[in-house]
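Here's a quick briefing to read alongside the model. Keep the sequence and the 3D view open while you go through it.

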Amino acid sequence: MEIRLAETAGFCFGVNRAVNLVYGLLEKGEKVCTLGPIIHNKQLVDDLSAGGVKTIETPAECEDGYKIVVRTHGVEKSVINDIEKRKIPYINATCPFVLKIHKIVSEQGKDAVTLIAGDENHPEVMGIRSFCGGRSYVFKNEEELNKIIKREKIAADDKVICVSQTTFSLKEWKKCKKNLKKVYTNCEIFDTICSATSQRQEEARSLSKECDAMIVVGGRHSSNTCKLRDVCAENTPTFLIETAAELSKFDFSPYKIVGVTAGASTPAVIIKEVLKTMSEEIKEKEVEATEEVAETAEIADKAETAAVDASADGEATFAEMLEKSFSDDDTSKIVKGIVVNITPTEVFVDVPGRKQTGVIAAEDLSSEPFEKCEDVVSVGDELDLIIMKTDDQDGVLKLSKKLTDAFKGWDEIVSAKENDEILEGPVVAVIRGGVLVNVKGTRVFIPASLTGVPRNQDLSVLKDATVRFKIIDLNTSRRRAVGSIRTVLNEEKKAAREAAWNRLEEGMVLTGTVKSLTSYGAFVDIGGIDGMIHISELSWTRIKHPSEVVNVGDQVEVTVKALDNETKKISLGFKKIEDNPWEILKRDYPVGTDVSAKIVGLATFGAFANIIPGIDGLIHISEISYDRVKAPSDVLSIGDEVKARITEIDFDRKRVSLSMKELIEKPEETISVLADEEVTE
C-alpha cells in the first residue's frame, strides 16, 4: 500500500493561533477556562483539561481568578456583553475570518435581510446571526435556500446580503450563489469561506481522485472535517477517524493507494501517529504476504531454502552440509570439480579425491536462463559444487552448481541489505501479489505495490525484464528476501530533482509539460521537477480557470520567477511582456488614436468601454456628447459599439480616458457655417 498525505493537512491559521494562545497562558501560570471547547477536537481538549483548562458553557460558570478564552468559532454578541458586564478578564480567540463576518453583517445588515450559508446549530453560525441587525435566515444547501425564498417572500427591492460559514462546502456555495444572482439581482454576496478551507477542500477532491481510498483525520463534530469527508466520498471510499487507534476497525488491504488528509482542528501529533501506525501495519503485512506467497508459489525449492534435503540419504540439510565441508571428514558434501566435458544436457567434472565421475544436469547448472550449457561453463573451469546424490552402481556423483550459487548469492543479498546497496536481476515469475526476481541464484519477492508499476497496469509487463531494486526485509531463518523497485526509482527521482534544482536560476527560460491543473494554477514538469504557474501568471486578462489557457500535456515555455530553497517550490511565469495589453496600448494606441470600443459597464459618472482585450477606458459623462446627458444609461447600453478618441493614458495608475464628443462636430461651429452661407447669398 502507498500512503499519500495532503500538503495542507492539520491546523489552519485561526486554530493554531487559538491553541498557542491557551498553551501560552498555561506556561505563564494563569488559570484558564474556555467558553465551549476551544476547537472541535476531543484529544486536544482533553490535553488542555489535563493541564488545568476548564471548559464552561456560560460566563456565570467562570470561577474567581480565571481568565476566559473565547473559542475560535466565536460566540453570540450577548455572551460578550455578559462577560464585560461581569467584568471577567477575557481574551477573544475568535478566528479573524469569523470576526470579519461579524463586522460585515453588523455593518451591512442593519437594514437588510441577511442570508447565511451554514449549519444553524453550529456555534459559528449562531454567533454570526447574533450580529445581524435585521431579519436573518440560515440555509445549508440550495434546496433550503429555495424554500426560504418561497416561504419568506423577500421582496425584489429589499436589500439582501449573503455570507457563508467559514467552513461551508465550496461546491454547494457556488450553486447557491448562482441561484441567488438569478433571484435577487441586487443581492450583495460576500465570499467568506476561509481560503484555507477552500484550498483544503480542493486539494482533498484532487487527491481523492488519485487514490483507492481516503482517510480523513479529525473530530466528528468538526464542520470542516465533515466537509472534507463529504468531498472525498464523492470520488472514493472514505473513512473518518479521530485517532490512530480507530484504524484497526477498517480493512485497508483491498486498496493500493490510500490518501490521508485532516481537518483544520486536527493536531499534527495525531496525524503523525496515524501515518506511523499505517506504515508499521503495511510493513508487517508485506512480510506476511511475502511468506504466504512464497509458500503458495512453492519457491522454497533447492535454490532458495537452507532446509533442503541435499544429501544422498536425505539426512543432512544444506546448512549442516556446509558446516561439514570445512572439516576433514571424508563425507563432506561440498566439493570442487573441474569441467572436463560438456554435452547439451549435462556437464561432466573431475572431482579430485573421488573415484566417481561428477555429473551436473542442465537443470542444476544455473538458476539464470540459458540456451546451452556452454553459455554457463567452459572446459577447464573449476567450480564449487554440492553433492546431490551418490550413485555407486553407475559410478557417478550427481552435483549441483545452482545450489552453491544460491548460497553465495544469499550472502551477497544479506550484505546488500546491510550496506543499502542496489541489486539487479531478471524478473523470472509473476505470482499472486507481486513478482520474483532472480539474484545470484536466489529469488527475491517484490510486492506489487513496490514494483513501481501503476496500479491499473498488469505486472506481466515486468516479465523477463532486468530490474534494479533494494532489499527492504530479510527472514534469515527461512532465507527469504523482500525487495523494492520503487525505493530505487524514488531515490533516482530524488537525485534527478536535486540535480535539476541545483541547475535552476531565477530568470531561466525553460520548456516544460503541463502535468495537472487546479483552480489556482497549472503544474509543469520542467525536467524531473515540478513548478507552478499561478493563475494570475497565465494570462494578462482575467480568467476563471487555467484550462482557458493551457491543457494537460501541453508543451509550454516558462520563466523561473522564484525559487524557495526551504519548501523546494518553484514559481513559474508564463505571460510574455510583449503580450501585455498595456505594452500593446503604448505601442499601437497613443493618445489621439480613434478607436472602436464596446460598452462594458455603466456608472453615474460615465461609461466604461473595452479598447483591446484586458484594457477598458472611461468615457466621462461630460465626454459622451455636447448635449447635456443626465445619465449615461439614457444614451448608451452595455454591448453598444461606439467610436471614441483616446485623450489621456496614465500608465502608472493603469487608466485610460476616452471621448466620444471629440469625434462629433461642435454645435457652435455648425451654426457659424450656416450663418456664413446666408451672408454670402
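What follows covers the strands and sheets, then the aromatic rings, then the cysteines.

This is a predicted model, where local features need pLDDT of at least 70 and side-chain atom pairs count only at pLDDT 80 or more, while totals for chains, interfaces and linings use all residues. Residues are numbered from 1 along each chain as its sequence is written, and side-chain values use heavy atoms, with hydrogens and water left out.

**The β1-β12-β10-β11 sheet**

- Four strands make an open sheet here, in the order β1-β12-β10-β11, and the pairing is parallel.
- β1 (2-5) and β11 (238-241) are at the edges with a single partner strand each, so one side of each has no neighbour in the sheet.
- From one strand to the next, the twist averages 25°; angles run from 0 to 180 degrees between N-to-C directions, using axes that are lines fitted to C-alpha atoms, for helices over the stretch in contact.
- β10 (residues 213-217) pairs with β11 in the parallel sense through four bridges, and Val217 has Ile241 in β11 as its bridge partner.
- Helix α9 (residues 223-233) packs on this sheet and touches β10, β11 and β12 (257-262), with its direction at about 175° to that of β10. Contact here means heavy atoms within 4.5 Å.

**The β7-β6-β8-β9 sheet**

- Another open sheet has four strands in the order β7-β6-β8-β9, with parallel pairing.
- Its edge strands are β7 (136-139) and β9 (188-189), each pairing on one side only.
- Strand β8 (residues 160-164) runs parallel to β9 and is joined to it by two bridges; Ile161 has Glu188 in β9 as its bridge partner.
- Helix α6 (residues 142-152) lies across β6 (113-117) and β7, at about 150° to β7.

**Strand β18 and its partners**

- β18 pairs with strand β19 (residues 434-439) in the antiparallel sense over four bridges, and Val427 stands opposite Val437 in β19.
- These two strands, β18 and β19, form a hairpin with two residues between them, and Gly433 in the turn has a positive phi of about 90°.
- β18 (residues 423-431) also runs antiparallel to strand β21 (residues 466-475), joined by four bridges; there, Pro426 is partnered with Thr466.

**Aromatic rings**

- The whole structure has eight aromatic pairs. Rings of Phe, Tyr and Trp (its six-membered ring) pair if their centres lie within 6.5 Å, and planes under 30 degrees apart count as stacked, over 60 as edge-to-face and the rest as tilted.
- Tyr520 and Phe523 are an edge-to-face pair, at 6.4 Å centre to centre with 85° between the planes.
- Phe239, Phe250, Phe252 and Tyr255 form one aromatic cluster.
- The charged end of Lys586 sits over the ring of Phe651, 5.1 Å from its centre; this label needs NZ of Lys or CZ of Arg within 6 Å of the ring centre and within 35 degrees of the ring normal.
- Lys654 lies over the face of Trp582, 5.8 Å from the ring centre.

**Cysteines**

- There are zero disulfides in the structure, a disulfide being a pair of cysteine sulfur atoms within 2.5 Å.

Methods:
Two strands pair if DSSP finds at least two bridges between them.
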